Amino acid sequence: MTDKTLKGGLRRRDFLATGAAAFALGVTGFPAVLRAQATPVKIGLIHPVSGFVAFSGNQCREGALMAIADINAAGGIKSMGGAMVEAVLADSQGKPEIGAAEVTKMAEAGIDGIVAGYASSISLATSQEAAKTNTPHVVDVGVSDQIVQRGLANTFRFGPGYGKIADFAVDNLDTINKAAGSPAKTAMIIHEESLFGTGTAGLLQKRLPEKGIEVIDIIKHANPTRDFTNIVLQIKSQKPDLIIPANYYNEYVLLARTMRQQRIEAKGIYSVLGGAASNYQFVNEFPEAADLIMDCNHWFNPKSDVALQRKAAAEAKGLIYTYEVFLAYNAVLGLVDAIERAGSTDKDAVNAALAASEMDMSYMPYGATKMVDGQNEGAQPVNTQVQNGEIEVIFPAEFASAETVFPMGG
Amino acid sequence: MRQLALLGLVFAALFTVPFVVESESWRTTIIMTLYAALLGQAWNILGGYGGQFSFGHAAFFGTGAYTVAVLQVQFGINPWLGLVAGGALAVGVAAFIGFTTFRYGLRGSYFALVTLAFAEVLRILSNTVPFTGAGVGILIPLDPGAASLQFTSKAGFYWLLWAITLAAFLTAWWIGHSRFGARLMAVRDNEDAARALGVDPFRVKMRAIMLSGLFSGLAGVFYAQFFLYLDPGIAYGPAVSVESLLVPIVGGMGTLFGPLLGAVALHAVSEVTREVIGDLPGISLVIYGTILVIMVLFAPRGLSGLVSRLTARMRRTAEGDRHA
């Protein structure tokens, strides 16, 4: 039997083999082909990956990318035929105007949703720009309450805002203080000068006196500040019972180290959104300076296996598991969950699904997810304390992994 | 008059941009380029034509921006009035800084440092006083519409900026062709000689700084209305001062089109590097910085100077060919 060559040069035997393979693929592989053909869902990730908060911006980006990789590995968006999620990356350089310009570009390129922007000032600009095209926008870290108080129908946040964090911090501090016999009667607040530090300091100044703690001084410092000697000398001269820092990572580390060098003897260091107090890098590199510092901050649920697995996965990638990583991860999950429930990338439908989100977030120390005006009312911070080189959750009790040590030094 | 005709031609072409460019993203890029040209021309009036190198133009920019924001948010005053007030207050700040520095004969690096210090003082003040929102900043409520100086389309913002920028460039052209401009440039080239010829350097410099302050202030008003959020770092931080002087330095100081050329070049480089290798954090800034260094090293008179040099060389070559 000779091989006949068909028109176009394909041999008969090859033709039959190809036909059989194509048939087999059609029978067994069709669903896979369908999955591969589903249009990818594009999510814009806008973070300050260069500039003065580049470390945090990169952490956010990594967390968001991890979430996207996990979603895709689990089969993508099932209600859309297994559509894969595709990240579109942008650098805001720490500048609101560049963040907003990136949103415009992305909106025009047909982005389906945006996760941004680490800092509150950038998140304000990006969400507002996204509102012009009704593009769903989930804020990952920015804590300013103004972000969700402008009535923008496209702006959502799964983490807590600083109004709630400050209230929580004051209430828990009061509980911790009273449980120890109220040794803390005075406090000094040391905060950075931008929206986050100033806003937090303002709220604490108002609320602490209600709990019987007098704020004897508030010291604001610039970003960056590289010498805290004078500030620490002021602390030393005023001898507050509590020192409350609210600043970014570098400044926090320098402040804590200078306080240790100057042998500041306070009854407690109690941070609110401390840039380093709940950060493994600080704890590992400066264990003495970090020891027994308490913080009220974003944290994961240490009793959740899912949270611990994600932490291990991040660390396996060489990441330090900071709050930026898991908040950005959660923001992507929240947005994709809404797209999944909407069954499409129609902006109105996704925004409506985000507004109705009841996503299970038991891997976070949160209550049930409930969106009110774009803010997840179930979100809350926790109190952590550095104990023997570990970051332990000390409050609320249901998430606690250790007992509180207060006051410091017995 | 040829320069004025060319200016008219350029701005007539710029006026049509929103009709030609429909992409909102490109419109944003063009708006940011024109905004940089405005900042640069404002600085150029004092630094380029007047030779008074300011490192603190953020003082005027921030004043304009905060004026329109505070008047709207705290007092409910219409931002169109805020636009006028912002420009006027920036002129006031410029007059104050000018009076305190020129009155005592501060020049060169001393003047530069004092302007930098003024901007820093204003940054700290705005970080402290409650009516600016202190460190929390000030958020202008979203209220789209021309009446609230928040246009629904970017075209509206573009034409507003176009009009302010045109006014700044016409002022620069006037400086280059007026008696006042001749005095200003005489002061720049040799203040003592100018004084000996009967020019009052104090008066001339005061007028220059006030004009410069006016356009920086109006740029600040535009920024506030476009982005609707300000904090002390944005308004009075060094980034604005640096952008203001970088644009004419790259484009060509003391030239009419220098700021426009500089703004186009800087934004083109920035956009291209971000587009091509935007995913690598910070690499676009590294390339941007490298190109800047190369330009400053090899084209110290800016792009305008480079264009003039090339034109002259081509003319010489053409003449040489004719003689041969």
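This is a predicted model: local features need pLDDT of at least 70, side-chain atom pairs count only at pLDDT 80 or more; totals for chains, interfaces and linings use all residues.
For the model overall, the scores are ipTM 0.78 and pTM 0.82.

Now for the build of chain B. Its secondary structure is made up of 15 helices and two strands. Along the principal axes, the C-alpha atoms of chain B fill a box of roughly 75 × 50 × 40 Å. The radius of gyration of chain B is 20 Å, which agrees with a compact globule, because one of 324 residues would come out near 20 Å. As for burial, 48% of the 324 residues of chain B count as buried. Sequence separation is worth a look too: take the contacts in chain B between residues at least 6 apart in sequence, and 76% of them join residues at least 24 apart.

On to where the two chains meet. The contact draws 27 residues from chain A and 23 residues from chain B. On the chain A side, at least two residues each come from α3 (54–73), β2 (85–91), α4 (96–108), α5 (120–131) and α7 (195–207) of chain A. Of these, α4(A) gives the largest share, seven residues. Sort the chain A side that touches chain B by residue type and you get 10 nonpolar, 10 polar and seven charged.

Key:
Residues are numbered from 1 along each chain as its sequence is written. Chains are lettered from A and ligands numbered from 1 in the order in which they are written. Two residues are in contact if their C-beta atoms, placed from the backbone, lie within 7 Å. Helices (H or I, at least four residues) and strands (E, at least two) are DSSP runs, numbered from the N terminus. Ala, Val, Leu, Ile, Met, Phe, Trp, Tyr, Cys and Pro count as nonpolar, Asp, Glu, Lys and Arg as charged, and the others, Gly among them, as polar. The radius of gyration is taken over C-alpha atoms; the globule rule is 2.2 Å times the number of residues to the power 0.38. A residue is buried if 20 or more other C-beta atoms lie within 10 Å of its own, exposed if 12 or fewer, and partly exposed in between; C-beta atoms are placed from the backbone.
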